Amino acid sequence: MINFRMKQAATALVLAFTLGVAHAQTAAVPDDSLFRDLGGLPVIQQVVDDFMSNMLADTRIAHTFKDSNIKRVKDKLVEQFCQLSGGGCVYTGDPMREVHQGLKLSNADFNALVEDLQLAMDKNGIPSRTQNRLLALLAPMQRETVSR
Amino acid sequence: MKKLSKRGAFALLATLAAPVVAQTSDAEREAWMQAQQRKAAQAMRASAAGSAAVAPEPGAGQDQAAWMPDLGKLIATGGVIQVEGAGGGGLTPWALITGYGTRDSYGANAHYTYLSTQDYTLKSYGVAVGLMDRVELSLAKQEFYGSLAPLADLKITQDIVGLKVKVAGDAVYDQDRWLPQISVGAMFKHNNGISGLGAVTSVKQLGAASDAGIDYYLSATKLLLAQSLLLNGTLRLTKANQMGLLGFGGDLNDRYQAMGEFSAAYMINRKLALGVEYRMKPRNLAADHEKDYYDAFLAWFPGKNLSMTLAYVALGDITVYNPKRQRGVYLSLQAGF
């Protein structure tokens, strides 16, 4: 009986220790596997370049950039994708809601942007499963950007 | 009769597919692109001219075409059309609303499905409309044929009217939440009777309690984008025997029963999904030791106007008159917007 309880306690201790270490590790070393799978900063920069070209050629959403500083938007997108994918950058742009308010974007606009990004990632040879991992992080931004 | 309806289905399909095929030609696409560009340029001029007077709404140029379908959803996110006409997988309805209309628009799909096992053939065709990415209405006809004596001349047909309403969640955007997209639906089914079986002309003669019935279901669809995985669970309250092809309720049981239906699909890329499905079934008839259905499918979305589903299906044995487990191929074509 006592033996059994001791074993239980030992198991709990080991478990707690393992979890603690695991937790400490995730805190110390952020997961940058997506950043690396995307191909790091050079590929992200190229993707954003192509992404922006696609959007400016996309009659569905090109008009939403008519008052934008394209160079700055691209820089902020690189920062954002780098940060989201665990690349250690810091997004220094304005909050998403603030940036997009007044544009009255629709779900169709948001999805058009996604399609332009997918084509840009295709062009840079990023495999579908890696694309989807990044898109999974971007998708919830629909709530902050779509206001129509 | 058989020939006529077949021709009718093909005519319907051809009519619906014609603009689709035309649209995919390069010349057409270019013309459309140019028209869009002209429209955008016009809108920009208009907004530039009017900027001093009234603040123009961004994208005001699109408003004049607000009644046009927007094809705004991402590819494949409307699913395909399942065998009873609702948006879903192959055998099971999903919580997704059919078509590519966003919540500001609408979409629709026509389908033709051909399912062939050793001794039976099932054809299904119909149309489904998705409104505001919220409500789905569907009409479908099922035709079931036998090819082995004594059921070689068997023909049973059924009409299905479907209604589905999205009640919570969004399968695509809610990637940071556990909440799936949830829809509730109903299928109003009417069995039109049996031919080619001598004196047996109604499913009631095979033991069914009724030749009409309503299925009620709740579907939850979760898209795990980070894993490129789509999961669906559907809970269906039903009395239907073989989906209703053998009527509703029976000599063994005439109460509603809850049946689980499950689907999982891996998205190989955004145009190709590979999946499996399992659908539980009630056993209401002494004359039919009804079995659960399952399938493995490959769905291909070459564009937003067209999709194809190829599957291997297992339907189990159908009626005591033929104890052979029925397995075969399922091919479905969807055209729409």
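A residue is called buried here if 20 or more other C-beta atoms lie within 10 Å of its own. With that in hand, here are some close-ups of this predicted model.

**Figure 1. Chain B, where buried residues make up 45% of the total.** Chain B runs to 337 residues, and its secondary structure comes to three helices and 14 strands. Look at how its contacts reach along the sequence: of those between residues at least 6 apart, 58% join residues at least 24 apart.

**Figure 2. Chain A, a chain of helices with zero strands.** Chain A has 148 residues, and 29% of them are buried. As for its contacts with a separation of 6 or more, 75% are between residues 24 or more positions apart.

**Figure 3. Gly90(B), sitting in a loop between two strands.** The strands on either side of this loop are E2 (87-88) and E3 (106-117) of chain B. Is Gly90(B) buried or exposed? Gly90(B) has 26 C-beta neighbours inside 10 Å, and because the cut-off is 20 or more, Gly90(B) counts as buried. Leaving out residues up to four places away in sequence, Gly90(B) touches a list of partners that includes Gln82(B), Glu277(B), Phe297(B), Tyr330(B) and Ser332(B). Then there is Leu310(B): 220 residues away along the chain, yet with its C-alpha atom 9.0 Å from that of Gly90(B).

**Figure 4. Helices H3 and H6 of chain A, packed against each other.** Two packed helices are described by the angle between their axes and the distance between the axes. For H3(A), residues 40-56, and H6(A), the angle is about 135° and the axes are 8 Å apart. That makes the pair oblique, and their crossing is right-handed. From H3(A), the contact takes in Val47(A), Asp50(A), Phe51(A), Asn54(A) and Met55(A). H6(A) brings residues including Leu113(A), Leu117(A), Ala120(A) and Lys123(A). Sorted by class, the residues of this contact are eight nonpolar, one polar and three charged.

**Figure 5. Phe51(A) and the largest nonpolar core.** In soluble globular proteins, nonpolar side chains tend to be buried together. The core shown here has 83 residues. Which of them touch the most other members? Those are Ile44(A), Val48(A), Phe51(A) and Phe81(A). H6(A) gives the most to this core, seven residues. Zoom in on Phe51(A) and, beyond its neighbours within four places in sequence, you'll find Asp116(A), Leu117(A) and Ala120(A) in contact with it.

**Figure 6. The place where chain A meets chain B.** How many residues take part? On the chain A side there are 23, in contact with 26 residues of chain B. Helices H6 (107-123), H7 (128-138) and H8 (142-145) are the elements of chain A that give two or more residues to this side. By class, the chain A side has eight nonpolar, ten polar and five charged residues.

**Figure 7. Glu144(A), a residue of helix H8.** Glu144(A) counts as partly exposed because it has 14 C-beta neighbours inside 10 Å. Setting aside residues up to four places away in sequence, Glu144(A) touches Met96(A), Arg97(A) and His100(A). Gln80(A), 64 residues from Glu144(A) in sequence, is 15 Å away in space, C-alpha to C-alpha.

How values were computed: Residues numbered from 1 in each chain as written. Chains lettered and ligands numbered in written order. Predicted model: local features only at pLDDT ≥ 70, side-chain atom pairs only at ≥ 80, totals over all residues. Contact = placed C-beta atoms within 7 Å. Helix = DSSP H or I, 4+ residues; strand = E, 2+ residues; numbered from the N terminus. Nonpolar A, V, L, I, M, F, W, Y, C, P; charged D, E, K, R; others polar. Core = buried A, V, L, I, M, F, W, Y, C linked by C-beta atoms within 7 Å. Buried ≥ 20, exposed ≤ 12 C-beta atoms within 10 Å, placed from the backbone. Axes fitted to C-alpha atoms, helices over the stretch in contact; angles between N-to-C directions. Parallel < 35°, antiparallel > 145°, perpendicular 65-115°, else oblique. Left-handed = near helix turned anticlockwise from the far one by under 90°.
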